[in-house]
Structures are given as structure tokens and as C-alpha cells.
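Me: I'd like to go through this one with you, a few quick questions at a time. Ready when you are.

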Amino acid sequence: MEAALSVLRQRRDELRLRNCAALSAYHGRSLIFGFDKTSLAEADHHLRFAWNHEPRPQYLAWRAFLRNMANFQHRTCDFLDDPIDIETLAQEAIRQAPGSAITLGVGAHIEYLSGGSHRSSLQLARRAVDYDPLNAVNFAILSNTELALGHREESRRSALKALALAGAGDHRAFAEFFGCMSAAALGDYQAAIDHAEAALVLRPAFRAPLRYLVALYKCVGTSADRERVLARMRRLEPDFHEGRLLEGDYPVTTMRRMRLIDMIAR
């Protein structure tokens, strides 16, 4: 399916497929993993277009996922044209398609990150991978919910499964970041650093791995590398300092569950 949509997207003008909902949704989903504001805003435009032409609940789920990514990456959704609520999108997607892997996976992700029930999140994430055992994004989400409940070995296995499934896809950097979190939770800081640096090679403006590297390089005592990532973070967030990682509203929800956060508090 991915290969077919990729070819059709490349040949859409030749094939006169300009108003194809599936291609617009595919393009929008790919753009989400660019992470910058322009890509996210354009992704939402494509997904909304797809919904208007063919109202499938999976498109609502991806729009919820996109808004969560905007908050995580940029700490705001204000740059998106449509102010629709994240939870509303996720809940409506599940209501319309309770058997869809991606609606369940996104629902699990939102449930965890919005401060809901971790056990409900885990249950949704497990159902998602049961419905679609080839979905890298859902395995990454499962890894995070497992980590939240202290199932660290299982979390690591799910993260590695996500990486194996992601291959060279647009979401590879996203999967690498979940590999970083799962390794950091086990105290394997060098593996966590390797995952984070790999994510940044693919997506240099991806802030989540940079935030982890600030703590990871402090943990392993590599001051030169730590200064390098601090400088990169300040270019993206001019007011950034490591104390931000300790603030309750700063988007490092999972880091707060690890011993890693203690390194920043010292």
C-alpha cells in the first residue's frame, strides 16, 4: 500500500489524480514527520482536504496526532488554521472506527500524554498492534505506554520492533526517538544517545531527541557534546536552559519517569 501510494503521488499530475483523498492523506501523514511548523500546517491542510472529500475517521486520528506533535515539538498549535481540540478529534475517530489500528494507537498516545489512565492507554495500544502488527507508529506508541507503567524490557522490545518496521520511511526519526527513550529507561545511555543522534541526522530540527541529549550527555559526562546540543536547542528555542526540563508543563512527560531526570535536578 505504501509503495503504491508513493508511486501514485509521484505521478499524480500525469494520472490526473489531483483530488484524490487517499493521496492527500498519504502526503499529509508524511509531512507530519518533517516536524517543522510549515510541514505540520501543510499536513493538516492535506488531511482536512482528504476528510472533506472522503470523511474517513483515520484522517481525524492523524489530525489529532499532528496536533500532539505540534505541542510536543513547538509547545503550541496556534500556527494551525483549524483550532479543533485534540481530544475531540481522537475520541471521534475511535467512536467512528473502534476497530481501526491507527485510531486506537493515536487514542492511546493522547490518553497517556494528556494525563489520562495509563492502563487504558496500554490497553488501547495493545489492541492497535493486535489489529495491525506491521504498523511502526503504533509499536512506538506501545513502547511509550509500556514504559509509563514500568514495563521497561517490554518497552525496549516494542521500540526495536518499531524501528525494524519503520525501515527508511518518513517516520524513521520518530521511531529512533522512541528507541532513545526505551534505552534511556533501562540505563543504556550510550544506546539512547545513538538513537537520538540518528534521529537528528534524519531530522535536524526534531527537538525531542535534542532535549534528551541535554540530559544524556550530562549523564555520561561528555561536556563538549552537551554544549553542542545546548547551542542547537537555543537556536530553536532562544529561552532554553536545562532547567526547562524540570518545569511541569515542558514536553518531556516520559523523561520525568526516568532516573535520567535526576541528572538535571542536581
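Me: Where is T254 found?
Reply: Quick ground rules before that: this is a predicted model, where local features need pLDDT of at least 70, side-chain atom pairs count only at pLDDT 80 or more, and totals for chains, interfaces and linings use all residues. Residues are numbered from 1 along each chain as its sequence is written, and side-chain values use heavy atoms, with hydrogens and water left out. Helices here are DSSP runs (H or I, at least four residues), numbered from the N terminus. As for T254, look in the loop between α13 and α14.

Me: Is T254 buried or exposed?
Reply: Buried means under 20% relative accessible area, exposed over 50%, and partly exposed in between (1.4 Å probe, protein chains only). T254 comes in at 3%, so T254 counts as buried.

Me: Which side chain does T254 join through a polar contact of 2.9 Å?
Reply: Start with what T254 touches, contact being heavy atoms within 4.5 Å. Not counting residues up to four places away in sequence, the list is N144, L147, M181, Y212 and Y112. A polar contact is a pair of N or O atoms within 3.5 Å; within protein, one must be able to donate a hydrogen and the other to accept it, and residues adjacent in sequence count only if both atoms are side-chain atoms. At 2.9 Å, the side-chain partner of T254 is Y112.

Me: How far apart are the closest N and O atoms in the salt bridge of R226 with E242?
Reply: A salt bridge is a side-chain nitrogen of Lys or Arg within 4 Å of a carboxyl oxygen of Asp or Glu. For R226 and E242, the closest N and O atoms are 2.3 Å apart.

Me: How many residues apart in sequence are the parts that R226 and E242 tie together?
Reply: Both ends are buried, R226 at 16% relative accessibility and E242 at 18%. R226 sits in helix α13 and E242 in the loop between α13 and α14, so the parts this pair ties together are apart in sequence by 16 residues.

Me: What separates R95 and E92 in helix α5?
Reply: These two form a salt bridge as well, with closest N and O atoms 2.6 Å apart. R95 is exposed, with a relative accessible area of 58%, while E92 is partly exposed at 26%. They're three residues apart in α5, so the separation is about one helical turn.

Me: How many salt bridges does the structure hold?
Reply: Another pair is R56 with E54, the closest N and O atoms being 3.7 Å apart. There's a network too, linking D44, R48, R63, R67 and D82. The total for the structure is 17.

Me: Which residues is C77 in contact with, leaving aside its neighbours within four places in sequence?
Reply: C77 lies in the loop between α4 (57-74) and α5 (86-96). C77 and L66 are eleven residues apart in sequence and 9.3 Å apart in space, C-alpha to C-alpha. The contacts of C77 are R67, A70 and N71.

Me: How many disulfides does the count come to?
Reply: A disulfide is a pair of cysteine sulfur atoms within 2.5 Å. Take C219: its sulfur is 11 Å from the closest cysteine sulfur, in C180, so that's too far for a bond. By this rule the count is zero.

Me: Which helices do the buried residues of α11 pack against?
Reply: Helix α11 runs over residues 189-202. Its buried residues include Y189, I193, H195, E197 and L200. They pack against α9, α10, α12, α13 and α14.

How values were computed:
Helices (H or I, at least four residues) and strands (E, at least two) are DSSP runs, numbered from the N terminus. The expected span of a helix is 1.5 Å times one less than its number of residues.
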